[in-house]
Amino acid sequence: MQNNSLNNKKLILFIVASLMLLGLALVLSLILGSKDISLAELFSKDSENALAGPIFEKRIMRTVLGIMAGFALSIAGVLMQAITKNPIADPSIIGINSGAACTVVAAIAILGINSSIEYIIFALIGAALTACFVYCIAMVAGGGKVGPVGLALAGAATSTACSSVVSLIMLPNMNVMEQYRFWSVGSIKASSWDNIMVVLPFILAGIFIALILIPSLNVLTLGDETATGLGVNVPLIKAAGILASVLLCGATTAIAGPIGFLGLMIPHFVRIIIGGDFKTLIPLSAINGASLLLLSDVAGRVIGRPGELEVGVVTAFLGAPVFILLVVKGRAIK
Amino acid sequence: MRTRKKKEISVLIILFIGVLILGFFMLSLGESNYDLATVVKVLMGQEIKGASFAVMSLRLPKLIIGILAGIACGVAGNTFQVIMKNPLASPDVMGVTSSAGAMAVFAILILGLEGVAVSAFAIAGGVLVAVIIFSFARGNGFSINKAILMGIGIQAMMQALITFILQQANAYDLSKAMHWLSGSLNSAKLSGAGGFFITVLILTCFIQYRTKELKVLSLGEELPVTLGVNIDRERIVLLMASVIMVSVATAYVGPLASVSFMAGHITRRIIKTGGVYSLQAGLMGAIIVLSSELIGQNAFAIRFPVGVITGIIGAPYLIYLLLSIRNKRG
């Protein structure tokens, strides 16, 4: 009983701390950048400063997108890890990024698409196809079980194939190359509200499915057989989980490009502190994922001055050591 | 015993002939095609208008650099796979190649270096990653799965670094950098390739000379100790020799996707006598590189760098490999 209340206290403390961190990240994301905006300027309604207006609008857009992407990638990470029972599952490991890039580049070259909405749609299609493909290969290779090495290698092989196809299409064509290189680094510099509105429904749908799945996911941790015994339709839950994670990271990749390792780091970090109950794991991963993404973005803006360091590079450099640590500690392979 | 030796040698000879034939095609095909007689005459030093320049200044450097790169990747990949007893454990799958590539791109685009300095950066990148992977992956007994996973993680990080560096590059350098990053023989020059040649020659001979130790390492963990082989030292020396070779090749031609993991595996599939076959794997690497180059340069309306072709061949092969060794791993 005592233990329980202690846990509750810890949980509440963690929730408060997470929310405060998100608040801090939000404010920093709004004020810091290639041009700093002071707090006073931020809250003064009448913007006398003619410059602050458009810059501020961009900052808001970017912060909103950061929160969306942080939510989406972290929840996608939780789902993938739960379903594959594989602690290293992450969009960047599975090769979803290069799959999305591949379809986008192919569509630019073959169909001549050029609006950002079309990019987003094709990126979504590519992400979904890649995820299914890699998952199937890992499943067959593991004899029905998706092992960490199988998943990572299937992802690596698919990435290699996709990037070869990308070069195949792109090398003869300088225009495509120029467009692609700016898409191929993850960044939450959104171009317009319209683009955000295009991906928002997909992300909301993904989050919604994830929330519905919470009770079943908790049962799934007991093992597939037990879960089936308890009346859970395991294949259906898994399919729904994969669908949700593909929607989430596909939509994010479509608008922000590849942002790796966030979905890998955050759930682990949250799990260590509050344990593996999905009721708390999913929302808290989402909140902390958003904070980390915003802070990485801010760090990239500050470090990279006068230009900026894209957030995808920052998360890769934060996340890869975490990934390696997980492997070293043996959490990735039992 | 004798038939086994015979088989190994006959495969070696066949592969060598294969390299010669492909080499002839490399010299003969291109913008304008020349017949065997012309190619031989030019090689003998006879001056033939047009042909001399195309063959001696353009095609011969490509051929030589291609063969060297193929041998380097083949031998190194084979050594990795034999030591770790796992066909998936090759330098390209494990991030050694991309790390060498990232450092080389950094040296070329940001620091504006060329030649030997680029090789030095590439070697530093490759060795660094190898050291990280193998020092962390030791723990209680060397875990190959751990090493592979860590390699994939590092590869993802290096990929981010490469894209970042590419973004910093101006549009003029970009096209060159992209070609190089796909793995390309197009800018092959013989001047300055001496170091490459010597590195490949010495390290290949060294690894071939260590065949016995390599064979012992491939047997398992306990046996070598009883056979009086210092496992850790042999393993590190042989792996480092391979890493250096792959890194130098990467510095010259860019990361050639999949060559190092295909060459050794295909060779062992062909010979099947349970040996090490470093030389055969090296020639197989050269064959893969040369034939991919021929396909890339001649089969399409547009010329593609060799690495694009090896990548497209290699990915399905890796997937096939994954599927065919199923259930062997957890």
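In the predicted model, B:I65 touches B:L185, B:A188, B:K189, B:A193, B:F196 and B:V253, when residues up to four places away in sequence are left aside. This isoleucine is found in helix α3 of chain B, and B:I65 is buried, its relative accessible area being 2%. A separation of 25 Å lies between the C-alpha atoms of B:I65 and B:V276, two residues that are 211 positions apart along the chain.

A second residue of chain B, B:T310, belongs to helix α14, which spans residues 306-324. With a relative accessible area of 0%, B:T310 is buried. Leaving out residues up to four places away in sequence, the contacts of B:T310 are with B:L256, B:A257, B:S258, B:V259, B:M262, B:I288 and B:S292.

The secondary structure of chain B consists of 14 helices and zero strands, so that the order of elements from the N terminus on reads α-α-α-α-α-α-α-α-α-α-α-α-α-α. The radius of gyration of chain B is 20 Å, close to the 20 Å that the globule rule gives for 330 residues, and the chain is therefore as compact as a globular protein of that length. Taken along the principal axes, the box filled by the C-alpha atoms of chain B is roughly 65 × 55 × 35 Å. Of the 330 residues in chain B, 57% are buried. Among the contacts in chain B with a separation of 6 or more, 75% are accounted for by residues 24 or more positions apart. The accessible surface of chain B amounts to about 14,000 Å², and 67% of this surface belongs to carbon and sulfur atoms.

Buried residues account for 55% of the 334 residues in chain A. Of the contacts in chain A between residues at least 6 apart in sequence, 76% join residues at least 24 apart. About 13,800 Å² of accessible surface is computed for chain A, with 70% of it belonging to carbon and sulfur atoms.

Attention then turns to the charged side chains. Over all chains, the count of salt bridges comes to five. One of them, in chain B, pairs B:K62 with B:E293, and the closest N and O atoms of this pair are 3.8 Å apart. Because B:K62 lies in helix α3 (residues 51-84) and B:E293 in helix α13 (residues 278-298) of chain B, the pair ties together parts that are 231 residues apart in sequence. B:K62 has a relative accessibility of 16% and counts as buried, since the cut-off for this class is under 20%. B:E293 is buried as well, with a relative accessible area of 1%.

A further salt bridge in chain B is formed by the side chains of B:R210 and B:E234, with an N to O distance of 2.8 Å. This pair links distant parts of the chain, with B:R210 placed in the loop between α8 (194-209) and α9 (211-217) of chain B and B:E234 in helix α11 (residues 231-253), the two being 24 residues apart. Both B:R210 and B:E234 are buried.

In chain A, the side chains of A:D297 and A:R301 meet in a salt bridge at 2.9 Å, N to O. These two residues are four apart in helix α13 (residues 278-303) of chain A, and A:D297 and A:R301 are therefore separated by about one helical turn. Both A:D297 and A:R301 are buried. The pair also takes part in a network of salt bridges, in which A:R62, A:D297 and A:R301 are linked.

Methods: Residues numbered from 1 in each chain as written. Chains lettered and ligands numbered in written order. Predicted model: local features only at pLDDT ≥ 70, side-chain atom pairs only at ≥ 80, totals over all residues. Heavy atoms only, no water. Rg over C-alpha atoms; globule rule 2.2 N^0.38 Å. Buried < 20%, exposed > 50% of the residue type's maximum accessible area, 1.4 Å probe, protein only. Contact = heavy atoms within 4.5 Å. Areas by Shrake-Rupley, 256 points an atom, 1.4 Å probe, with all protein chains shown as cover. Salt bridge = Lys/Arg side-chain N within 4 Å of Asp/Glu carboxyl O.
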